[in-house]
There are 2 protein chains.
Amino acid sequence: MSKRIITISREFGSSGREIGKRVAEALDIPFYDNELITIAAQKSGYSEELFRDADLHPTGSLLFSLSLYGTGGATFDLPLNDKVFLAQSEIIRDVADQGSCVIVGRCANYVLEDTNQCLNVFIHADNFTRVDYACKENGLPKNKAKEMVQKIDKRRSTYYNYYTGKKWGDMNDFDLCIDSGRIPVDTCIEIIVEAYKGLK
Amino acid sequence: MSKRIITISREFGSSGREIGKRVAEALDIPFYDNELITIAAQKSGYSEELFRDADLHPTGSLLFSLSLYGTGGATFDLPLNDKVFLAQSEIIRDVADQGSCVIVGRCANYVLEDTNQCLNVFIHADNFTRVDYACKENGLPKNKAKEMVQKIDKRRSTYYNYYTGKKWGDMNDFDLCIDSGRIPVDTCIEIIVEAYKGLK
């Protein structure tokens, strides 16, 4: 089978990262998430902390920034978070060039949209499931967990909308959207593996 | 395994009906689509043609009509298309009560939303795939096929939005959304069967 990339976007608390990791294990292909950030940080010389917080405060749109500051060699004038995004995008294209893999987050579906070798997946779940996840994973009381879910999703959607010019969670951007609050994680993994093998 | 209902909503030309029919065959459970309309027509005494055209011209919202005309015994005052919808909803609940089945269209995911025994699926595809389908299935030239796709989707979304008060194609209303333009029909069927068996 030829090279294929699985990109996974996910709501906070939907187990999207776990699903991505276990899909990569099932298919015996590399998995990139925080690892991606580390590689990017090492390659570009930016600190790892900066990359980790890169999705905190984007405003406006990347296209607007590029229209102000130019592209290519002129990126030294771009705001720092845009430079970080462009560096990350370069890393995403690099690892995708190397062979089949799973990439979670970082708008990878958008960065790789010009290739038809991607299976783009979105994992979502109802609020009850996600707040429950945040309680258990972070040892938080329910009201704090609820706040955390809202805050992180807001951050992810702002980041996605800013860098892609699209709307986070629009099913038309994805080949497969799965509700992990209704379909168990093991079945989600089987479904993604099935889709990966059958992809046109 | 206990009773489970698969509801399928679909964009025109996405092969959603074929997928639903073949999923029902694979699981050896009944399939309802136009059959549903016929049963409803026979049961209620309305003509079959009326049911077939029921999604042509809804405007406003069903809740608004109900607030004007009342519910239950008072439905004789409702506009005809609302009466048809309520009769269809009764049929959908009836067949769902009888056992596992696949129901395509007619807002079945909404009608059965109070049961947790449903796997709600949305099948979509890119415009190129859908126009190509309309050309082949209806022997139309490309421009006419394009018009047909737009017109039927507009009708389906208006119908869904009117009767459910929700937005057609919002992934949060579905457990599984699949792009049949990217994932072959055979794989779509395998994925739905897998999800049906694994449903929480």
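Copies are superposed here by least squares on the C-alpha atoms of residues with pLDDT of at least 70 in both. With that in hand, chain B can be laid on chain A with an RMSD of 0.0 Å, using a turn of 180 degrees and a shift of 0.0 Å along the axis. That is the relation of a two-fold axis. The contact surface is shared as well: 100% of the contact residues of chain B recur in chain A, where contact means heavy atoms within 4.5 Å.

Some ground rules. This is a predicted model, in which local features need pLDDT of at least 70 and side-chain atom pairs count only at pLDDT 80 or more, while totals for chains, interfaces and linings use all residues. Residues are numbered from 1 along each chain as its sequence is written, chains are lettered from A and ligands numbered from 1 in the order in which they are written, and side-chain values use heavy atoms, with hydrogens and water left out.

Let me start with chain A by itself. Its secondary structure comes to nine helices and five strands. Helices (H or I, at least four residues) and strands (E, at least two) are DSSP runs, numbered from the N terminus. Along the sequence, the pattern in chain A reads β-α-β-α-α-α-α-β-α-β-α-α-β-α.

How much of chain A is buried? Of its 200 residues, 52% count as buried. Buried means under 20% relative accessible area, exposed means over 50%, and partly exposed is in between, with a 1.4 Å probe and protein chains only. The accessible surface of chain A comes to about 9400 Å², and carbon and sulfur atoms hold 49% of that. Those areas come from the Shrake-Rupley method with a 1.4 Å probe; for residues, only the protein chains shown count as cover. As for contacts within chain A, among those between residues at least 6 apart in sequence, 70% join residues at least 24 apart.

Next, salt bridges. The term means a side-chain nitrogen of Lys or Arg within 4 Å of a carboxyl oxygen of Asp or Glu. The whole structure has 18 of them over all chains.

One is A:E18 with A:R22, at 3.2 Å from N to O. Both residues lie in helix α1 (residues 16-27) of chain A, four residues apart, about one turn of the helix. A:E18 counts as partly exposed because its relative accessibility is 37%. A:R22, at 31%, also counts as partly exposed.

Another pairs A:K166 with A:E113, with the closest N and O atoms 3.3 Å apart. This pair links distant parts of the chain, 53 residues apart: A:K166 is in the loop between α8 (142-164) and β5 (176-179), and A:E113 is in the loop between α6 (108-111) and β4 (118-124). A:K166 is partly exposed at 33%, and A:E113 is partly exposed at 42%.

Elsewhere, salt bridges that share partners join A:E11, A:R130 and A:D153 into one network.

That brings us to the interface. The size of an interface is often given as the accessible area lost when the parts come together. Here the area buried between chain B and chain A is about 2400 Å², with 54% from carbon and sulfur atoms; buried area is the accessible area (1.4 Å probe) that two parts lose on being put together, summed over both. B:M171, B:R182 and B:K200 supply 30% of the area that chain B buries against chain A, more than any other three residues. The contact takes 29 residues from chain B and 29 residues from chain A.

Between the two chains the count is two salt bridges. Seven residue pairs are in polar contact across the interface, both residues at pLDDT 80 or more. A polar contact is a pair of N or O atoms within 3.5 Å; within protein, one must be able to donate a hydrogen and the other to accept it, and residues adjacent in sequence count only if both atoms are side-chain atoms. On the side of chain B that touches chain A, β4 (118-124), β5 and α9 (185-198) of chain B each supply at least two residues. The largest share, six residues, comes from α9(B).

Last, one residue: B:S180, in the loop between β5 and α9 of chain B. Why does B:S180 count as buried? Because its relative accessibility is 4%. A polar atom of its side chain lies 2.6 Å from the backbone oxygen of B:S14. Leaving aside neighbours within four places in sequence, the contacts of B:S180 include A:K200, B:I19 and B:C188.
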